[in-house]
Amino acid sequence: MLHGRAQAQQTASADAVTTVDSLIRVEMSTRHLPGLALAVVRDGQIILARGYGFADIERGVPVTAETRFQAASITKSFTALATMQLVEQGRVAMDAQVGRYLPQLPKAWHAVTVRQLLAHTSGIPSISAFERPPCPTAKSQADYVLGDVLAEVACLPLEFPPGERWEYGDTNYYLLGLLIAAVSGMSYEAFLAQGILTPLGMTATRLQRRTPEADVARGYRWQSGRYEAAPSLDPIVDEANGALVSTVHDLARLDAALYGEQLLPQRTLATMWTPAETREGLAPYGLGFGLTPFRGKRRVGHTGGAPGSSTAISRFPDERLTVILLSNGEQPPGKVLELAHAVAALYLKP
């Protein structure tokens with residue numbers, strides 16, 4: 001039998017769960033999200049992990065807290081952590097020109113630094129910014145091998161001088177994936193496994209495969225009043241910028257590790273969580289992490305959006321609270337973070 005304070009805490013916890021469940025179900029209906037997994041983490045410990053809706057509508061497969069989803073651009077935080085591990089090892093210099101590590105790149109890109117790639121201040125055109133490739137390519141996308149997608153934007157000039165301003169773009173992180181492989185002598189996925197996934201026990205996290213997988217939530221988009229299957233991300237086209245799959249449980253393991261020094265020293269993480277400087281001012285982004293605050297509270301995290309996918313991990317380090325949200329439905333940019341913060345608001349003190 002519970003008494004006094006313990007009973008009050010259990011009641012408060014049950015009330016919070018009921019409120020979260022109600023919020024998520026209403027928002028899923030309003031936003032046309034077929035499935036969603038959610039975790040709320042306090043002090044590195046999961047206090048709530050739930051699945052809602054369906055991972056596969058046609059087969060009637062429900063979402064659980066162990067369901068794999070496309071992580072989309074949350075992948076970039078992994079890529080940044082892996083790059084900074086190479087920096088800590090003395091194998092990559094933050095302010096070295098990327099042409100030093102990837103001499104095969106277009107000459108106009110060579111002077112961009114590793115730091116500018118990490119901070120999205122490079123000026124390199126984004127491979128995902130165009131409905132059709134602006135530059136002639138000799139292959140269809142189905143025949144691409146790793147690196148071929150760069151030809152789609154290689155003929156374009158830089159959009160601005162490196163370091164002038166901040167502009168989010170997928171090419172930056174695609175290049176970092178190539179750099180990680182070139183410097184380490186391993187594939188991007190193998191390096192992540194060695195330096196991050198295996199040490200943290202993140203057994204559900206890996207690259208998306210090129211063919212549909214039964215153990216990954218199927219992506220959907222809402223069209224003409226019904227759900228339609230969306231194409232999956234291609235690891236050859238989106239490798240280090242968006243092609244990981246993961247679960248809320250695995251991402252909670254990453255969150256817990258970021259309070260310690262298992263992956264990187266805290267001084268290095270602090271650098272990654274400092275707004276990038278440009279000639280136009282400070283960016284809302286550090287090195288692989290978004291830094292826009294919420295309700296005046298410091299926030300570190302990342303969102304992701306892709307065909308049939310919307311994701312967010314939003315950390316409040318000072319409150320030691322994190323909300324992780326993975327969905328197999330599309331939302332407009334910024335809306336997934338809005339939903340994650342609606343959950344966070346239920347747990348943050350005023």
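With -85° about the S-S bond, the link between C135 and C155 is left-handed, and this link is a disulfide, that is, a pair of cysteine sulfur atoms within 2.5 Å. The two sulfur atoms of C135 and C155 lie 2.0 Å apart, and by the same rule the count comes to one disulfide. Both C135 and C155 lie in the loop between helix 3 (114-119) and helix 4 (170-184), so the pair ties together parts that are 20 residues apart in sequence. Helices here are DSSP runs of H or I with at least four residues, strands are runs of E with at least two, and both are numbered from the N terminus.

The model is a predicted one, in which local features need pLDDT of at least 70 and side-chain atom pairs count only at pLDDT 80 or more, while totals for chains, interfaces and linings use all residues. Residues are numbered from 1 along each chain as its sequence is written, and side-chain values use heavy atoms, with hydrogens and water left out.

C135 is buried, with a relative accessible area of 4%, whereas C155, at 49%, counts as partly exposed.

Turning to the interior, a nonpolar core is a set of buried Ala, Val, Leu, Ile, Met, Phe, Trp, Tyr and Cys residues joined through side-chain atoms within 4.5 Å. The largest such core has 77 residues, and those with the most contacts inside it are F78, L81, L118, I196 and M272. Apart from it lies another core, of 25 residues, among them F316, V336, L339 and L348. If neighbours within four places in sequence are left aside, L81 is in contact (heavy atoms within 4.5 Å) with residues including I196, L254, M272 and F289.

Helix 2 (residues 75-88) and helix 5 (residues 188-200) pack at an angle of about 80°, with their axes 10 Å apart. Helix 2 and helix 5 are therefore roughly perpendicular to each other, a term that covers angles of 65 to 115 degrees. Residues including F78, L81 and Q85 in helix 2 meet residues of helix 5, among them F191 and I196.

Finally, three strands form an open antiparallel sheet in the order 4-8-5, where two strands pair if DSSP finds at least two bridges between them. The edge strands, strand 4 (69-70) and strand 5 (206-207), each pair on one side only. Two bridges join strand 4 to strand 8 (residues 244-246), and Q70 stands opposite V245 in strand 8.

Terms used:
Buried < 20%, exposed > 50% of the residue type's maximum accessible area, 1.4 Å probe, protein only. Axes fitted to C-alpha atoms, helices over the stretch in contact; angles between N-to-C directions. Parallel < 35°, antiparallel > 145°, perpendicular 65-115°, else oblique.
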